[in-house]
Each structure stands twice: as C-alpha cells, then as structure tokens.
Amino acid sequence: MAGGILWLASYPKSGNTWVRIFLENLFRDGARPVSINELNVVGFGDAHIPLYEQVGGRPVTGLDDAALHALREPLQRYLANRPETSIVKTHNIMADYEGRPLIHLPYTMGAVYIVRNVFDVTVSLARHYDRSVAEMVEAICSPAMKTPTTPAAVFQILGRWCDHYRAWTTVPGFEPLVLRYEDMKAKPLKAFQKVVKFLNLPASPDRVAKAVKFSSFEEVSRQERAGGFRERVREDQVFFHSGRVGGWRQHLSQDQVARLIDVHGEVLRELGYLDKQGRPTV
C-alpha cells in the first residue's frame with residue numbers, strides 16, 4: 001500500500017461535506033473561498049460511479065448491485081496504491097454486506113468520523129430524500145437502512161444510526177478521530193484544529209482560521225444560491241439548508257423523539273446527546 005485511504009466517514013447529513021470543503025480551502029490556501037463545485041482534495045467518494053467504471057473497465061449501466069459491490073475491493077485497492085494518501089468520503093457502515101466488506105481495512109490508514117445527533121439527522125434526511133419525517137424515523141431505526149444505486153452513485157449500506165457509529169468506533173486497533181457536528185458548530189476553529197493535528201498537517205493557526213472562515217455555512221450556502229451544487233440529489237433541492245443544531249424540535253413529535261431514544265439511547269447518552277434524565281441536550 002502506497003498512500004492508503006483516509007476515510008471521511010459519517011451517516012448522511014452529518015457534516016461530511018463541511019469537512020471536505022474545509023480541507024479543500026486549507027490545502028489550496030487561496031485568497032478567496034474555493035468553489036463548492038471544485039472539490040478536488042477529497043476528490044473521491046466510494047459511491048462515485050466514474051470510479052467504478054474506471055476500475056471495472058466498462059460502463060456500469062446494466063450491472064446489478066451484487067456486481068457493483070464486488071468492485072469495492074479493487075476500487076479501494078486502486079485508491080490505496082496511489083502515491084499520495086487518498087482522502088475518500090463514505091457513508092457506508094464498517095461491516096460486511098453479502099459476505100464482502102464495505103470498507104476494506106487493509107487499504108485503510110485512518111479515518112475522521114463525523115457524528116451528528118440523530119434527531120437533526122432524521123429531519124435533514126427526510127428533507128434531503130423528500131420523505132416524510134415519520135418514514136425517516138422508522139428508516140433510521142432499521143438495520144436495513146441503505147441508499148439506492150442511482151445514475152450518480154452506487155448504493156451505500158447505512159444500517160441504524162447507532163450501529164453506524166459503533167461499527168466505525170469499536171474496531172480493535174483502529175482509532176478514528178471522532179468529531180461531533182455540534183462541537184464543529186459551537187467552536188469551529190477548535191474542532192478543525194483537531195483535524196489538522198490528526199492529519200499531521202503543517203498548517204499555521206492563521207491558515208486554519210482562514211480555511212474555517214472560507215468554509216463557513218454562510219459562505220457555502222451563498223455559493224449554492226448563486227451557482228447551485230452539483231452533488232444535490234434533486235435539482236430543486238437545497239443542500240445547505242440551515243445547518244442548525246436543534247432544528248428538529250420544530251418537526252419531531254414527542255412519540256417520534258421517544259422512538260429514536262428507545263432505539264439509539266445508549267449511543268445518544270455516550271455522546272452527550274441525552275442528559276442523566278434521558279432528555280435531549282441538543
């Protein structure tokens with residue numbers, strides 16, 4: 001393995017794209033913010049169709065999910081053997097699927113794992129996929145949760161929110177940097193300095209601060225309003241919707257909150273998203 005793969009891993013709608021935009025601005029160190037439609041530092045995603053076509057040597061049109069899944073290992077081997085580290089976005093759970101790993105540890109040199117409270121994730125996912133909140137509550141509580149294969153992306157296996165976090169953070173000898181989205185929002189400079197330190201990047205405090213400023217929610221949402229964002233699922237979608245912490249309180253019923261706590265409560269408590277009385281802290 002040459003450079004190996006550094007994963008940027010998260011459940012969808014948890015801040016993964018924010019970290020990617022920060023790293024892009026940090027590496028480029030330009031006089032103005034990088035375009036959100038020109039993200040090349042984290043230039044790979046393990047669901048990105050062109051990668052599968054490159055590795056498979058043919059268009060993926062007509063391939064079923066089993067054939068696509070079989071390409072994950074050669075795809076990750078290819079990315080790991082590039083001269084420099086490949087920083088790769090993923091929403092896959094770290095688990096086996098139909099007898100094959102989704103994430104191949106032999107090609108992995110590390111990971112940054114971004115976690116966001118399940119209440120806000122549920123509401124954001126419902127908006128993202130144009131589903132009802134009630135549907136998404138049940139989906140995020142289901143071990144069968146996945147995203148489908150589309151013309152733009154290969155299917156990803158998510159599983160339950162709590163299982164996704166556990167899978168990435170309990171592998172013996174594998175210690176990803178875990179970032180809470182809420183900490184990134186409250187103290188972005190401190191949070192992103194942890195990323196810089198974890199990646200052992202020789203960046204000055206001023207350079208980090210500039211990258212944080214250039215990747216702020218206000219900046220990226222301004223760019224999306226002005227020129228769109230090519231990673232949107234639908235043309236009418238707003239990808240950078242609000243980024244608020246606690247916005248779920250306007251959308252989830254008490255029964256829905258109780259359902260999420262019942263399924264994910266242990267991890268919610270571990271991450272500080274519930275107080276000692278079992279009430280949400282976010």
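Serine 124 counts as buried, at 11% relative accessibility, where buried means under 20% relative accessible area, exposed over 50% and partly exposed in between, with a 1.4 Å probe and protein chains only. The residue lies in helix H5 (residues 118-128), helices (H or I, at least four residues) and strands (E, at least two) being DSSP runs numbered from the N terminus. Leaving aside neighbours within four places in sequence, serine 124 is in contact with Lys13 and Arg116, contact meaning heavy atoms within 4.5 Å.

The structure is a predicted model, in which local features need pLDDT of at least 70 and side-chain atom pairs count only at pLDDT 80 or more, whereas totals for chains, interfaces and linings use all residues. Residues are numbered from 1 along each chain as its sequence is written, and side-chain values use heavy atoms, with hydrogens and water left out. The protein averages a pLDDT of 91, and 93% of the residues score at least 70, pLDDT being the predictor's confidence in each residue, from 0 to 100. Over residues 231-236 the pLDDT is below 50, although this stretch has 13 contacts in the model beyond near neighbours in sequence. Where pLDDT is low, the predicted coordinates should not be read in detail.

An open sheet of 5 strands, with parallel pairing, has the order S2-S3-S1-S6-S9; two strands are taken to pair if DSSP finds at least two bridges between them. Strand S2 (44-45) and S9 stand at the edges with a single partner strand each, so one side of each is left without a neighbour in the sheet. Strand S6 (residues 108-115) has 7 of its 8 residues buried and is therefore largely enclosed by the rest of the structure. With strand S1 (residues 5-10), S6 pairs in the parallel sense over 6 bridges; in this pairing tryptophan 7 stands opposite alanine 111 in S6, and the bridge partner of serine 10 is isoleucine 114. S6 is also joined to strand S9 (residues 177-180) by 4 bridges, again running parallel. Here tyrosine 113 has valine 178 in S9 as its bridge partner, and isoleucine 114 stands opposite leucine 179.

In a regular strand the side chains alternate between the two faces of the sheet. Glycine 272 has its place in the segment after helix H12 (254-270) and is partly exposed, with a relative accessible area of 33%. Between glycine 272 and isoleucine 261, which are 11 residues apart in sequence, the C-alpha to C-alpha separation is 13 Å.

Elsewhere in the sheet, lysine 89 is found in strand S3 (residues 86-90) and, at 16% relative accessibility, counts as buried. Lysine 89 and glycine 43 are 46 residues apart in sequence, with 8.5 Å between them in space, C-alpha to C-alpha.

The second largest pocket has a volume of about 270 Å³. A pocket is an open set of points on a 1 Å grid over the protein atoms alone, where a 1.4 Å probe fits, with protein on both sides within 12 Å along at least five of seven lines, and lining residues have an atom within 4 Å of a point; the volume is the space filled by probe spheres set on the points, which are joined across faces, edges and corners. The lining comprises 14 residues, of which Leu6, Phe27, Thr85, Ser86 and Ile87 lie nearest the centre of the pocket. By class, 9 of the lining residues are nonpolar, 3 polar and 2 charged, with Ala, Val, Leu, Ile, Met, Phe, Trp, Tyr, Cys and Pro counted as nonpolar, Asp, Glu, Lys and Arg as charged, and the others, Gly among them, as polar.

Backbone angles were also examined. Most residues other than glycine have a negative phi. For aspartate 130, however, phi is positive, near 55°; this residue has its place in the loop between H5 and helix H6 (133-140) and is exposed, at 61% relative accessibility. Asparagine 200 likewise has a positive phi near 55°, lies in the loop between helix H9 (188-198) and helix H10 (205-214), and is exposed, with a relative accessible area of 67%.
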